[in-house]
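Please look at the sequence and the model first.

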Amino acid sequence: QIRLVESGGGSVQVGGSLRLSCRASGFIQSSFRDYCMAWFRQAPGKEEREKVAVIAAIGDDTYYADSGKGRFTISRDNGNDTQYLQMNGLTPEDSAMYYCAADGLPCKVSASLERYSFWGQGTQVTVSS
């Protein structure tokens, strides 16, 4: 069973930055590079998780929601089974629980939430004005 553990969340002021990390483990007949990796977020009071960013299995393609374009950067280190989300210029609207998720090959960065089989427990991001 693949396990995803997020870290790096916290409280920052408007305009601040955070770098989220997601470490994957538990691979038996696959490896980290066999998965598209994504960040989703769920704001308080909202039922749906928003897809924030996705990176393809070998990092050759990415997707960003309009809300994060120009401010967020997703990356991955296949040698350390870790993906990252660098978030700059944070606003209160970015406050949410951020979740790491994995979608096995064949996968596309355009895939919807239902495709993701593995999820982390989340890390909280709070942006105050």
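The report below goes through strands, disulfides, cores, salt bridges and one aspartate.

This is a predicted model, in which local features need pLDDT of at least 70, side-chain atom pairs count only at pLDDT 80 or more, and totals for chains, interfaces and linings use all residues. Residues are numbered from 1 along each chain as its sequence is written, and side-chain values use heavy atoms, with hydrogens and water left out.

## Strand 4 and its partners

Start with strand 4, residues 35-42. Strands here are DSSP runs (E, at least two residues), numbered from the N terminus. Eight of the eight residues in strand 4 are buried. Buried means under 20% relative accessible area, exposed means over 50%, and partly exposed lies in between (1.4 Å probe, protein chains only).

In a regular strand the side chains alternate between the two faces of the sheet. Both faces of strand 4 are covered. Tyr35, Met37, Trp39 and Arg41 are buried on one side. Cys36, Ala38, Phe40 and Gln42 are buried on the other.

Two strands pair if DSSP finds at least two bridges between them. Strand 4 pairs with strand 9 in the antiparallel sense, over eight bridges. There, Phe40 stands opposite Tyr99. Strand 4 also pairs with strand 5, again antiparallel, over five bridges. In that pairing Arg41 stands opposite Glu50.

## Two disulfides

A disulfide is a covalent bond between the sulfur atoms of two cysteines. Here the test is a pair of cysteine sulfur atoms within 2.5 Å. How many disulfides does a search of the whole structure find? It finds two.

Cys22 lies in strand 3 (residues 18-25) and Cys100 in strand 9, so the pair ties together parts that are 78 residues apart in sequence. Both Cys22 and Cys100 are buried.

Cys36 and Cys107 form a disulfide too, their sulfur atoms 2.1 Å apart. This pair links distant parts of the chain, 71 residues apart. Cys36 is in strand 4, and Cys107 is in the loop between strand 9 and strand 10 (118-119). The torsion about the S-S bond of Cys36 and Cys107 is about 85°, so this disulfide is right-handed. Cys36 and Cys107 are buried.

With the bonded cysteines numbered in sequence order, the pairing is 1-3, 2-4.

## The nonpolar cores

A nonpolar core is a set of buried Ala, Val, Leu, Ile, Met, Phe, Trp, Tyr and Cys residues joined through side-chain atoms within 4.5 Å. The largest one has 28 residues. Those with the most contacts inside it are Leu4, Met37, Trp39, Phe72, Leu85, Met87 and Tyr98. Elements giving two or more residues to this core include strand 3, strand 4, strand 7 (72-77) and strand 11 (123-128). A second, separate core has nine residues, among them Val54, Ala101, Cys107 and Tyr116.

## Salt bridges

Side chains of opposite charge can pair when their charged atoms come close. A salt bridge is a side-chain nitrogen of Lys or Arg within 4 Å of a carboxyl oxygen of Asp or Glu. The structure holds five, including these:

| Salt bridge | N to O distance |
|---|---|
| Asp94 and Arg41 | 2.9 Å |
| Lys69 and Asp66 | 3.2 Å |
| Arg71 and Asp94 | 2.7 Å |

Arg41, Glu50, Arg71 and Asp94 are linked in a network of salt bridges. Asp94 counts as buried because its relative accessibility is 1%. Arg41, at 7%, also counts as buried. Arg71 is buried as well. By contrast, Lys69 and Asp66 are exposed.

## A buried aspartate

Asp103 is in strand 9 (residues 96-104). Is Asp103 buried or exposed? Asp103 is buried, with a relative accessible area of 2%.

Its side chain is joined to that of Arg115 by a polar contact of 2.9 Å. A polar contact is a pair of N or O atoms within 3.5 Å; within protein, one must be able to donate a hydrogen and the other to accept it, and residues adjacent in sequence count only if both atoms are side-chain atoms.

Contact means heavy atoms within 4.5 Å. Leaving aside neighbours within four places in sequence, Asp103 is in contact with Asp34, Tyr35, Cys36, Lys108, Ala111, Arg115 and Tyr116.

Definitions and conventions. Helices (H or I, at least four residues) and strands (E, at least two) are DSSP runs, numbered from the N terminus.
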